[in-house]
Amino acid sequence: MLALAFIAASPSVADLDAHSRASGNRLDIATSVGEQLFRTTWPAQVMQVLANKDGAHLVLGLRVSGVKFHEPLSRDGFDREVQELVARAFAAAPDAEEVDLWVTVPIGVGKGMVVSGDLAKPTTRTVFTVSVTRSESAAALAARLRSGAQVFLDQEWAQSAFTKS
């Protein structure tokens, strides 16, 4: 009689993160994109990957933390990270037509504050947003990030968050 032993492979941290941080009405796509993004430890941490599809339109969302960077980050380094996150998201989801990326920071709320439901007080504040269509070239996105065209950037946050280049 031949005995066979099977060893179950444990899921990677990237796979666990991708599953637990996926959101939207297409969790399968969000998870797939997350599996690609979470293989890298980014200076500014990706907190959530969203995928929403309506008819033929697929839009991805990437929520990034604006605090507790994994390493010091300059504004140029942040722009490079944004570009790479967008490029990898498009590569992981060939049907996606847009990637929306936003950065949030926590807002302190007092003890006993309502943080969910109709009377909820916000617990985060958005400090950076950019929307990128698949047709936009990497060079055009880089130029837009440098110039600030069609990009929201909270200047106060940027002054305190980034190291000087």
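## Overall picture

Of the contacts in the protein chain with a separation of 6 or more, 62% join residues 24 or more positions apart. Keep in mind as you browse that this is a predicted model.

The secondary structure of the protein chain comes to five helices and six strands. Read from the N terminus, the elements follow the order α-β-α-β-β-α-β-β-α-β-α. Along the principal axes, the C-alpha atoms of the protein chain fill a box of roughly 70 × 45 × 40 Å. The protein chain has 165 residues, and buried ones make up 38% of them.

Let's look inside. In soluble globular proteins, nonpolar side chains tend to be buried together. Here, the largest nonpolar core has 43 residues, and Val33, Leu60, Leu101, Phe128 and Trp157 have the most contacts inside it. Helix 3 (residues 75-92) gives the most to this core, contributing seven residues.

Leaving aside residues up to four places away in sequence, Phe128 touches Phe78, Val82, Leu101, Trp102, Val103, Leu145, Val151, Phe152, Leu153 and Trp157. Two of these partners, Leu101 and Trp157, are also listed with Phe128 among the core residues with the most contacts.

## Helix 3

Helix 3 has 18 residues and reaches 26 Å from its first C-alpha to its last, close to the 26 Å expected at 1.5 Å a residue. Its buried residues are Gly77, Phe78, Asp79, Glu81, Val82, Leu85, Val86, Ala89, Phe90 and Ala92. Phe78 and Val82 from this list are contacts of Phe128.

Asp79 counts as buried because its relative accessible area is 5%, under the 20% cut-off. The side chain of Asp79 meets that of Arg75 in a salt bridge, at 3.0 Å from N to O. Both residues lie in helix 3, four residues apart, which is about one turn of the helix. An α-helix has 3.6 residues a turn, so residues three or four places apart point the same way. Arg75 has a relative accessible area of 23% and is therefore partly exposed.

## Other salt bridges

Side chains of opposite charge can pair when their charged atoms come close. The count for this model comes to six salt bridges. One of them links Glu136 and Arg144, whose side chains meet at 2.8 Å, N to O. Arg144 lies in helix 4 (residues 138-147) and counts as buried because its relative accessibility is 9%. Glu136, at 22% relative accessibility, is partly exposed. Beyond residues up to four places away in sequence, Arg144 touches Val130, Ser131, Val132, Glu136, Ala149, Gln150 and Val151.

Another salt bridge joins Asp28 and Arg26, with the closest N and O atoms 2.6 Å apart. Asp28 is partly exposed at 46% relative accessibility, and Arg26 is partly exposed at 26%.

## A nonpolar patch on the surface

Now for the outside. Ile107, Val109, Met113 and Val115 form a nonpolar patch on the surface, and together they have about 300 Å² of accessible area. Ile107 sits in the loop between strand 4 (98-106) and strand 5 (124-133). With a relative accessibility of 32%, Ile107 counts as partly exposed.

Methods: Residues are numbered from 1 along each chain as its sequence is written. This is a predicted model: local features need pLDDT of at least 70, side-chain atom pairs count only at pLDDT 80 or more; totals for chains, interfaces and linings use all residues. Side-chain values use heavy atoms; hydrogens and water are left out. Patches are made of residues with over 30% relative accessible area and no salt bridge: like charges are joined within 9 Å, nonpolar side chains (Val, Leu, Ile, Met, Phe, Trp, Tyr) within 5 Å. Accessible areas come from the Shrake-Rupley method with a 1.4 Å probe; for residues, only the protein chains shown count as cover. A salt bridge is a side-chain nitrogen of Lys or Arg within 4 Å of a carboxyl oxygen of Asp or Glu. Helices (H or I, at least four residues) and strands (E, at least two) are DSSP runs, numbered from the N terminus. Buried means under 20% relative accessible area, exposed over 50%, partly exposed in between (1.4 Å probe, protein chains only). A nonpolar core is a set of buried Ala, Val, Leu, Ile, Met, Phe, Trp, Tyr and Cys residues joined through side-chain atoms within 4.5 Å. Contact means heavy atoms within 4.5 Å. The expected span of a helix is 1.5 Å times one less than its number of residues.
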